[in-house]
Amino acid sequence: MTSPLLSGLATEIIIPVCAVIGIVFSLLQWKLVSRVKVTADANGPPSNKNKNGYDDYLIEEEEGMNEHDVVVKCAEIQNAISEGATSFLFTEYQYVGVFMVVFAILIFLFLGSVEGFSTKSQRCTYDGARMCKPALATAGFSTIAFLLGAITSIVSGFLGMKIATYANARTTLEARKGVGKAFITAFRSGAVMGFLLAANGLLVLYIAINLFKVYYGDDWEGLFEAITGYGLGGSSMALFGRVGGGIYTKAADVGADLVGKVERNIPEDDPRNPAVIADNVGDNVGDIAGMGSDLFGSYAESSCAALVVASISSFGIDHDFTAMCYPLLVSSMGILVCLITTLFATDFFEIKAVDEIQSVLKKQLIISTFLMTIGIAIVSWLGLPTSFTIFNFGTQKVVHNWQLFLCVCVGLWAGLIIGFVTEYYTSNAYSPVQDVADSCRTGAATNVIFGLALGYKSVIIPVFAIAISIYVSFRFAAMYGIAVAALGMLSTIATGLAIDAYGPISDNAGGIAEMAGMSHRIRERTDALDAAGNTTAAIGKGFAIGSAALVSLALFGAFVSRAGIQTVDVLTPKVFIGLIVGAMLPYWFSAMTMKSVGSAALKMVEEVRRQFNTIPGLMEGLVKPDYTTCVKISTDASIKEMIPPGALVMLTPLIVGILFGVETLSGVLAGSLVSGVQVAISASNTGGAWDNAKKYIEAGASEHARTLGPKGSEPHRAAVIGDTIGDPLKDTSGPSLNILIKLMAVESLVFAPFFAAHGGLLFRL
């Protein structure tokens, strides 16, 4: 086997340098956003200095309103949203912190007991001729890695939320100068989150590997087995973030829409609506903090899955540090590629019209994919030997560097295909959503039927794309190929997150414009940004679900190898009962999260109705509603309701592994993966389509849309009902399911030594 062209020393320099570049770039974007001042003196004498227009003349003056009052109101609303989001996250993290400590103790006790808490060296799992570090060491370092991943995930979500709440009012104020200025502010803010998360995730993982290496030395098998705890920590926090944040945001959204828009016929985000602040807070804790933790978890798990397989392949056996770090080099290249791609949206071109927004966001995906393909070729050429062996269920498979390059590219391009298919089915620029909007002519029932059909149909092409990725990557490089294919799909995570975070920021900006009583023309601009953001959010969820499928399969392969299972035979009763139960879990989980949103929304609807009925002058706008009570309802409900679904996901592998053994657990993992992917894609796309069908009618941008409108018409009411049904599908159940399938897989891998040694108690009786 030859050595890579890139030396070990160069690798040790390149990875942290790329991570630091990502952090510096995010801070630069934050500084540019901060130049938009949310203070009364923000708009002094204009000088037209900046191409991006931070000092330009206002395109319009507020209609009959003092500009000073507008800015002060925006600042007040921004503070209320930020305080609500921060308060909720701190409350959530208190509960999550208790879980984190308890689960860390479980990891240490379970893994330490594999060899009876012995401190003596043991024979290596995959190479019996060599001696490896004791199981107690793996238990200790797995626990540390778990805590590192959990803390990084929490920090990623929290920073994302703070950035989004910092940028929302600034986007609103920039919308007065034009849609291009508002777009740049929202997109730059999303980029801050994207680059911070990608760079922090890479840097913490790289530092952890190097620190663990001080103890493990040449025992790379044990080292990278312990590192899998990093992925488990990241995804376990993401689960609670996604579920808790999703319940919060949708309870407020459903309550605000049903009473405000349907019953009272007032605009979205009207300041008279008591649930409006809770709704805008929810965008940040669910769509931003939850999503940030989710994608960090996917990145951490795909990296860990690849590293585990590589450690027992020629990379690990020969102690080739550069080749071993191939997944980290791919992520490093991704940061540089995304940096260049971001400049195309913020500096190289300027949006001048509303209809350019969608195409600019789409070009971000295309440009990043093309550039990343070149980047992967460079990394594969420099960072890999020309040929090497990859562990393949007990044998070593000879692989060439060009084959691994193709594995990563297959995942990368499959992600782009999934993104475009998701856009086609959820954007109101295309016929599927327009057909759903048209079905509103005959009421809410036909709207629901059309929306469900759209969601089911939207699963077809993504599943084929995932299936082809799996076949090609496994054929070339076994399970390692699947792991790096998942990493390829997530290699442009910084751009994906920037696009994804842009949506909720724009949504908040529109809400602030409405609550501050700004011109209807400003609301039209923010609505255009938000409509594009809804589609990009759906694209982001498509990426997350697709990558979760590949990550879960790679982790599943690593689990099967580590647990010593020779074959997973579905005709064996032990496996088949696991398979059918695993396929049921996504439905059980979805039922719990949907019911939770419904219960919380019921309380919210009753409170909003109570305030409209009992507070004199509220509908006339003479008095302010009680926003605080609605925020408290969402907070209390989400904290209480996130625990049962979280417990279902976290306890299932432990219960099945201990009572029924590794073969039944392998069936559970396979069943949940196959079933979960389908349900997640259809739920996310159905909800996204209903949302944009409603916006299509509200915007009235085409002759067809105008025949269905205006706001308050019967077709519009039917569209609002469809959107309300879709809210928990697209923002709670759907996005959480991808965490379910990958979290159960990584948890099973971490506990595999314990299950293999002591599991299957019922079958031993």
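## Ground rules

The model is predicted, so local features need pLDDT of at least 70 and side-chain atom pairs count only at pLDDT 80 or more, while totals for chains, interfaces and linings use all residues. Residues are numbered from 1 along each chain as its sequence is written, and side-chain values use heavy atoms, with hydrogens and water left out.

## The chain as a whole

Let's start with the overall picture. The chain has 24 helices and four strands; these are DSSP runs numbered from the N terminus, with helices being H or I of at least four residues and strands E of at least two. Its radius of gyration is 25 Å, close to the 27 Å that the globule rule gives for 765 residues, so the chain is as compact as a globular protein of that length. Here the radius is taken over C-alpha atoms, and the globule rule is 2.2 Å times the number of residues to the power 0.38.

Along its principal axes, the C-alpha trace spans about 85 × 60 × 45 Å. Of the 765 residues, 65% count as buried (under 20% relative accessible area, with exposed meaning over 50% and partly exposed in between, for a 1.4 Å probe and protein chains only).

A word on terms before the pockets. The search uses a 1 Å grid over the protein atoms alone: a cavity is a set of points where a 1.4 Å probe fits but cannot get out, a pocket is an open set with protein on both sides within 12 Å along at least five of seven lines, and lining residues have an atom within 4 Å of a point. Grid points are joined across faces, edges and corners, and a volume is the space filled by probe spheres set on the points.

The largest pocket has a volume of about 790 Å³. It is lined by 28 residues, and Asn 428, Asp 527, Ala 528, Ala 531 and Ala 699 are the closest to its centre. Helices H10 (357–383), H16 (520–562) and H20 (662–699) each give two or more residues to this lining, with H16 giving the most, nine residues. By class, the lining has 10 nonpolar, seven polar and 11 charged residues; Ala, Val, Leu, Ile, Met, Phe, Trp, Tyr, Cys and Pro count as nonpolar, Asp, Glu, Lys and Arg as charged, and the others, Gly among them, as polar. The second largest pocket has a volume of about 570 Å³. Among its 22 lining residues, Ile 77, Pro 271, Met 515, Lys 624 and Tyr 627 lie nearest the centre. Here the elements giving two or more residues are H2 (67–112), H15 (493–515) and H18 (627–641), and H2 gives the most, with seven.

## Closed cavities

The count comes to nine cavities of 30 Å³ or more. About 340 Å³ of space lies in the largest cavity, where Asp 287, Asp 507, Asn 534, Lys 730 and Asp 731 lie nearest the centre among 29 lining residues. H16 provides the largest share of that lining, six residues. By class, the lining has four nonpolar, six polar and 19 charged residues.

The second largest cavity has a volume of about 130 Å³. Thr 492, Ile 493, Gly 496, Leu 497 and Phe 543 are the closest to its centre, out of 14 lining residues. H15 and H16 each give two or more of these, and H15 gives the most, with five. This lining has nine nonpolar, five polar and no charged residues.

## Two buried residues

Ser 302 lies in helix H6 and is buried, with a relative accessible area of 0%. Its side chain reaches the backbone oxygen of Tyr 299 at 3.0 Å. Leaving aside neighbours within four places in sequence, Ser 302 is in contact with Ala 483, Ala 486, Leu 487, Leu 490 and Val 551.

Val 436 is found in helix H12 (residues 431–438) and counts as buried at 1% relative accessibility. Beyond neighbours within four places in sequence, its contacts are Asn 447, Phe 450, Gly 451, Leu 454, Trp 690 and Ala 693.

Conventions
A polar contact is a pair of N or O atoms within 3.5 Å; within protein, one must be able to donate a hydrogen and the other to accept it, and residues adjacent in sequence count only if both atoms are side-chain atoms. Contact means heavy atoms within 4.5 Å.
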